[in-house]
Amino acid sequence: MTYVNKLFLVSIAVGLVIASKIVDNAKPKVLITNSYVPNIAADLLKECVTNCIISLHLFIIFSCETITIQNETKEEILSHIRGVSALLWATHIGLDNELLDAAGPQLKMLGLMSAGYNHIDVAEIKKRGIKISNTPKVLNAAVADTAVLLALAASRRLREGRVLIESGRWNPSDWLLGQDIAGSTVGIIGLGGIGSAIARRLLAFEVKQILYTGHREKPEGKELDAKFVPLNESDSLIKESDFIFVSVPLTNETEGMCNDEFFSKMKKTAVFVNTSRGQVVDQKALVKALKGGQIFAAGLDVMTPEPLPVNDELLTLPNVVLLPHWGSATVKTREAMAKLTAENIIKGLKGEPLITPIP
Ligand code: DGY
């Protein structure tokens, strides 16, 4: 090889090293707010480079650098948020103006790894020109399973039974009967994706009828043979139901919706299940209804506040079954949520339409 050729090859190599440094610095940074987010999200964000390496331009745009928060606190998020282009938000910590200001104007995309977005000020984020996505649908089955689990556990006194065994107070002559789901009337408040998935599951339990309420009649209702009860007539649903499932998003309209008046209309034998958000329920009113025998039992995956303090009265009641907001907490569901969030982020950074944008 001639000297000139050697010089040419060396300059190409040096050029490539410099280019790769420039590219590295140009990579959009994505902050992942929880170390439990399945690896598939970070892998997708980083690996899209292998699909697009054919062009240096695409390489720059599509390959992201990820930073993962190890200790999910606002302080730690604050200390890593500066300069990021996208956030993979897998935390119930609110994304407030302090965090948005700290991030900086290059923040272009917020991927929420949740179906609910009540912890986010959507209007403010949109005002700042940041795109937002969430993860509807992929968690419907897991959350509906949780609702059915809580309904059965509460109606069949799971907590009381376990305590009796553990405390040596199991007395076979004390029957402590539960309530049947077979033959029951079920009321679903909010027949969205999760509400419909709950209804589908309950049909297998041979319920007598399914009623649902909401803003409008849904085609899914017909498919499930469920009867629509308009909102202004929802008293009849509350009064007739043996099981009530709450499956609505938290909004100004739904906040505190299940209050004293609501519980006073329920049957004394009825079971109340909430897998949506704790704030939909006036928790003091629920505790009163459970203590006073106004309703039979409750199964809650969500409560106020979260985490619930260990001295909260809810924990002292025998007729409450609680889960620590685990509705979507299965391996496959969280993987599907992580994947969808990463895919949305990639689309957002590429300037393409999001798969599941928040309207
Ligand atoms: C959600 O995604 O909104 C669920 O509450 C998570 O369990």
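Buried means under 20% relative accessible area, exposed means over 50%, and partly exposed is whatever falls in between, with a 1.4 Å probe and protein chains only. Hello everyone, let me start with D260, which at 39% relative accessibility counts as partly exposed.

A word on the ground rules. What you see is a predicted model, where local features need pLDDT of at least 70, side-chain atom pairs count only at pLDDT 80 or more, and totals for chains, interfaces and linings use all residues. Residues are numbered from 1 along each chain as its sequence is written, and side-chain values use heavy atoms, with hydrogens and water left out.

Back to D260, then. Its side chain meets that of K288 in a salt bridge, at 3.1 Å from N to O. This pair links distant parts of the chain, 28 residues apart: K288 sits in helix α13 (residues 283-291) and D260 in helix α12 (residues 260-265). By salt bridge I mean a side-chain nitrogen of Lys or Arg within 4 Å of a carboxyl oxygen of Asp or Glu. Helices (H or I, at least four residues) and strands (E, at least two) are DSSP runs, numbered from the N terminus. K288 is exposed, with a relative accessible area of 53%.

How many salt bridges does a search of the whole structure find? It finds 17. Another one joins the side chains of E166 and R162, at 2.6 Å from N to O. Here both partners lie in helix α8 (residues 158-166), four residues apart, which is about one turn of the helix. E166 is exposed at a relative accessible area of 55%, and R162 is exposed at 56%.

K347 and E352 form a salt bridge too, with their closest N and O atoms 3.4 Å apart. K347 is partly exposed, with a relative accessible area of 29%, and E352 is partly exposed at 28%. There is also a network: D101, E124, K127 and R128 are joined by salt bridges that share partners.

Now, helix α14 (residues 331-350). With 20 residues at 1.5 Å a residue, α14 should span 28 Å, and its end C-alpha atoms are 29 Å apart, which agrees. For the expected span, we take 1.5 Å times one less than the number of residues. Which residues of α14 are buried? Among them are M337, L340, I345, I346 and L349, along with T333, T341 and N344. Just after α14 comes G351, with a positive phi of about 80°.

Around the ligand we find S114, A115, G116, L139, R277, H325 and S328, where a residue is near a molecule if one of its heavy atoms lies within 4 Å of it. This shell divides into two nonpolar residues, four polar and one charged. In that scheme Ala, Val, Leu, Ile, Met, Phe, Trp, Tyr, Cys and Pro count as nonpolar, Asp, Glu, Lys and Arg as charged, and the others, Gly among them, as polar.

R277 has a side-chain N or O atom 2.7 Å from an oxygen atom of the ligand. H325 has a polar side-chain atom 2.7 Å from a ligand oxygen, and for S328 that distance is 3.1 Å. The protein covers 90% of the 230 Å² of accessible area that the ligand has on its own; accessible areas come from the Shrake-Rupley method with a 1.4 Å probe.

H325 comes up again in the backbone. What is its phi? H325 has a positive phi of about 50°, although it is not a glycine. H325 is found in the loop between β12 and α14, and at 21% relative accessibility it counts as partly exposed. Most residues other than glycine have a negative phi, and most peptide bonds are trans.

D225 also has a positive phi, near 60°. D225 is found in the loop between α10 (219-223) and β8 (227-230), and at 69% relative accessibility it counts as exposed.

Finally, the peptide bonds. T304 and P305 are joined by a cis peptide bond, with omega about -10°, and P305 is found in the loop between β11 (297-300) and β12 (320-322). The bond from E306 to P307 is cis as well, with omega near -5°, and P307 also has its place in the loop between β11 and β12.

Terms used: Polar contact = N/O pair within 3.5 Å; in protein donor to acceptor, adjacent residues only side chain to side chain.
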